[in-house]
Amino acid sequence: MRSAINSAVYPAIAFLGAFRLDWPQAWAHAAVFLFLSVLGTTIVQFTNPSVLEARERNTSDQRQPFDRTFDRIYMPMVLIYPLVGGFDGGRFHWLPLPSSWASVGAALFLVGSVLTTWTLIVNRHAERIHRVQRDRDHTVITTGPYRFVRHPMYFGSIIGFPLTALMLGSGMALVPMAVLVLAFIWRTAKEDEALKADLPGYAEFAEKTRYRLFPYIW
């Protein structure tokens, strides 16, 4: 229930921006977002419930400076992104996108959801903030999606971002989406650097799994 409520907030912001409910594209967007978000959480609840419990704990006092900077960018953008999508796609039509792109957005979100869910299944240390979890016997995870990139959850999030813009037909929503992508790239670089310095075995893992975020690119 809590997962469904949390997931509903994001598409609800798009309706707020549009200031209307008679918008089929937004309802389709909400259905895709809610279904895949709740499905992913349910799967993790059955396969690796400890990671969900860890992600709910308040560990803000251990947050690194780069995490705090990231949150100052991420939190506003993640709220502005669907709001801009509502303004543009459902109300003012500043930069409309073809409706045929909606299926591309849904497909990308599906791929991103699979990747983030897979990450949460295999990594019990996937907390919301960066910290070396000595209280939880933190070890390097090398299985599942970690065979391909060192930060698969961030990669999955980036893949899923276009959902809102493409399904709502909003070209303007791609602007805050780009800011989010750049923020994740920056955070990945900082976190990767910190893990190499602080987590035993991570430097060796980085030599085997060469790419931080984008396979065959970086």
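The model is predicted.

- Met77 counts as buried because its relative accessibility is 16%, and the cut-off for buried is under 20%.
- Apart from neighbours within four places in sequence, Met77 is in contact with Pro176, Val179 and Leu180.
- Met77 and Pro96 are 19 residues apart along the chain, and their C-alpha atoms are separated by 20 Å.
- Helix α4 covers residues 65–92, which is 28 residues. From its first C-alpha to its last, α4 reaches 39 Å, close to the 40 Å expected at 1.5 Å a residue.
- His93 has a positive phi of about 55° although it is not a glycine. Most residues other than glycine have a negative phi.
- With a relative accessibility of 45%, His93 counts as partly exposed.

- Helix α2 runs over residues 24–47 and has 24 residues. The span of α2 from first C-alpha to last is 35 Å, close to the 34 Å expected at 1.5 Å a residue.
- The buried residues of α2 are Ala26, His29, Ala30, Phe33, Leu36, Ser37, Gly40 and Val44.
- Leu34 is also found in helix α2, but it counts as partly exposed, at 28% relative accessibility.
- Leu34 and Ser7 are 27 residues apart in sequence, while their C-alpha atoms are 5.8 Å apart in space.
- Phe19 is located in the loop between α1 (2–18) and α2. Phe19 is not a glycine, yet it has a positive phi of about 60°.
- Phe19 counts as exposed because its relative accessibility is 66%, and the cut-off for exposed is over 50%.

**Two buried asparagines in loops**

- Asn48 has its place in the loop between α2 and α3 (49–56). Its relative accessible area is 9%, so Asn48 is buried.
- A polar atom of the Asn48 side chain lies 2.7 Å from the backbone oxygen of Leu120.
- Leaving aside neighbours within four places in sequence, the contacts of Asn48 are Leu120, Ile121, Asn123 and Arg124.
- Asn123, one of those contacts of Asn48, is found in the loop between α5 (102–122) and α6.
- Asn123 counts as buried, at 8% relative accessibility.
- The side chains of Asn123 and Tyr146 make a polar contact of 2.7 Å.
- Not counting residues up to four places away in sequence, Asn123 touches Asn48, Val51, Ile141 and Tyr146.

**Helices α6 and α8**

- Helix α6 (residues 152–160) packs with helix α8 (residues 174–198) at an angle of about 175°. The axes of α6 and α8 are 10 Å apart.
- That angle makes α6 roughly antiparallel to α8, because angles over 145 degrees count as roughly antiparallel.
- On the α6 side, Tyr154, Ser157 and Ile158 take part in the contact. On the α8 side, they meet Val181, Phe184, Arg187, Thr188 and Glu191.
- By class, the contact of α6 with α8 has 4 nonpolar, 2 polar and 2 charged residues.

**His151, in the loop between α5 and α6**

- His151 is found in the loop between α5 and α6. Its relative accessibility is 5%, so His151 counts as buried.
- Leaving aside neighbours within four places in sequence, His151 is in contact with Thr188, Glu191, Asp192, Leu195, Tyr202, Arg212 and Leu213.
- Thr188 and Glu191, which are among the contacts of His151, are also among the α8 residues that α6 meets.
- His151 and Tyr211 are 60 residues apart along the chain, and their C-alpha atoms are separated by 8.7 Å.

Key
Residues numbered from 1 in each chain as written. Predicted model: local features only at pLDDT ≥ 70, side-chain atom pairs only at ≥ 80, totals over all residues. Heavy atoms only, no water. Axes fitted to C-alpha atoms, helices over the stretch in contact; angles between N-to-C directions. Helix = DSSP H or I, 4+ residues; strand = E, 2+ residues; numbered from the N terminus. Parallel < 35°, antiparallel > 145°, perpendicular 65-115°, else oblique. Contact = heavy atoms within 4.5 Å. Nonpolar A, V, L, I, M, F, W, Y, C, P; charged D, E, K, R; others polar. Expected span 1.5 Å × (residues − 1). Buried < 20%, exposed > 50% of the residue type's maximum accessible area, 1.4 Å probe, protein only. Polar contact = N/O pair within 3.5 Å; in protein donor to acceptor, adjacent residues only side chain to side chain.
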